[in-house]
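Work through the exercises below with the sequence and the model at hand. Each task is followed by a solution in steps.

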Amino acid sequence: MPHLTKNYPIKARDYLKAGEVSIQVQGLLKSIGFAPELIRRVSLCAYEAEMNVVMHGGDGELTLEVDTDRVSLEFRDGGPGIEDIGLALQEGYSTASEEAREMGFGAGMGLPNIQKNSDSLEIFSEKGKGTDVKIGFIA
Amino acid sequence: MHGPGKMKLFEVKDILKAKVTYGAEKLDMVVQAGAGGDLMSDILRGSKEGVLVLSGLNNIQLIRTAVIAGVSALVLVRGKEPDEEMKKQAAEHGLSPPLLRCLRPVGGCSGPASGVLTRRKPFDP
């Protein structure tokens with residue numbers, strides 16, 4: 001399979017469309033024929049990260065890269081950034097808005113879920129300058 | 001015939017006296033477990049293949065979360081009615097789980113359903 005790169009825009013606070021990008025990624029990986037467990041892990045991480053951009057970030061973008069032996073996701077947004085990454089990685093810690101909580105989000109499990117279901121996770125963030133989250137999977 | 005601890009979705013529907021709001025053609029599917037989920041992160045935890053999820057949520061994100069998690073069927077509790085956008089989303093994603101609507105709360109639904117699943121085990125090998 002040749003190397004594949006795709007970019008998907010993500011709009012902040014657009015709850016009507018939120019999650020659509022991850023469903024597209026899930027569909028693409030299924031069409032390529034990856035193992036169901038890998039697709040489950042990638043889709044889950046993509047969805048949690050996409051929702052983080054929608055809920056907390058500014059407008060952003062996902063870059064998906066697919067090779068025979070690996071899949072990687074890179075989410076970049078121009079939002080307020082994460083003040084304390086260590087705290088954000090703790091289970092149960094959340095700064096979600098009331099609107100997001102009413103929808104069933106904000107349990108503080110987003111980044112911990114990504115950490116558990118990926119093979120690598122790198123977070124680069126600076127207050128006021130946005131966030132860059134790189135998530136890797138071994139196929 | 002389906003195996004131990006499993007039941008067909010139309011049986012669950014009858015037990016819960018639920019109405020189908022989307023995916024009536026999928027009622028013959030076999031479900032092997034049920035789970036309650038009012039937090040998206042709970043629904044996303046672990047594989048949901050063959051799992052029926054009962055939820056008090058009623059929004060478009062519930063449909064997308066269920067698609068991502070691979071949930072087999074969704075039951076909206078407390079008589080919640082999905083709006084047109086939810087039905088449209090469900091229809092757009094060919095993989096969407098069937099959507100049922102039940103008047104009882106999560107506890108009131110999961111009790112009867114799990115009771116039947118448990119009772120069937122020794123009699124329906």
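## Exercise 1: a strand in chain B

In chain B, strand β5 (residues 51-55) is mostly covered, with five of its five residues buried. The model is a predicted one.

**Task.** Determine which residues point to either side of β5(B) and which strands pair with β5(B).

**Solution.** 

1. Sort the side chains by direction. Val51(B), Val53(B) and Ser55(B) point one way from β5(B), while Leu52(B) and Leu54(B) point the other way; all are buried.
2. Take the pairing with β4(B). Strand β4 (residues 33-36) of chain B runs parallel to β5(B), and four bridges link the two. Within this pairing, Val53(B) is the bridge partner of Ala35(B).
3. Take the pairing with β6(B). Strand β6 (residues 73-76) of chain B is also joined to β5(B) by four bridges, again in the parallel sense. Here Leu54(B) has Val75(B) as its bridge partner.

## Exercise 2: the interface

**Task.** Describe the contact between chain B and chain A by residues, buried area and salt bridges.

**Solution.** 

1. Count the residues: 20 come from chain B and 23 from chain A.
2. Take the area: about 1,800 Å² is buried between the chains, and carbon and sulfur atoms give 60% of it. On the side of chain B, Gln61(B), Arg64(B) and Ile68(B) lose the most area to chain A, together 34% of what that side buries.
3. Look for charge pairs. The rule finds one salt bridge across the interface; the side chains of Glu20(A) and Arg64(B) meet in a salt bridge at 2.9 Å, N to O.
4. Assign elements. In chain B, α2 (40-44), α3 (60-69) and α4 (84-92) each give two or more residues to the side that touches chain A. The largest share, six residues, comes from α3(B).
5. Sort by class: this side of chain B has eight nonpolar, eight polar and four charged residues.

Conventions. Residues numbered from 1 in each chain as written. Chains lettered and ligands numbered in written order. Predicted model: local features only at pLDDT ≥ 70, side-chain atom pairs only at ≥ 80, totals over all residues. Heavy atoms only, no water. Contact = heavy atoms within 4.5 Å. Buried area = accessible area lost by both parts, 1.4 Å probe. Salt bridge = Lys/Arg side-chain N within 4 Å of Asp/Glu carboxyl O. Nonpolar A, V, L, I, M, F, W, Y, C, P; charged D, E, K, R; others polar. Buried < 20%, exposed > 50% of the residue type's maximum accessible area, 1.4 Å probe, protein only. Pairing = 2+ DSSP bridges.
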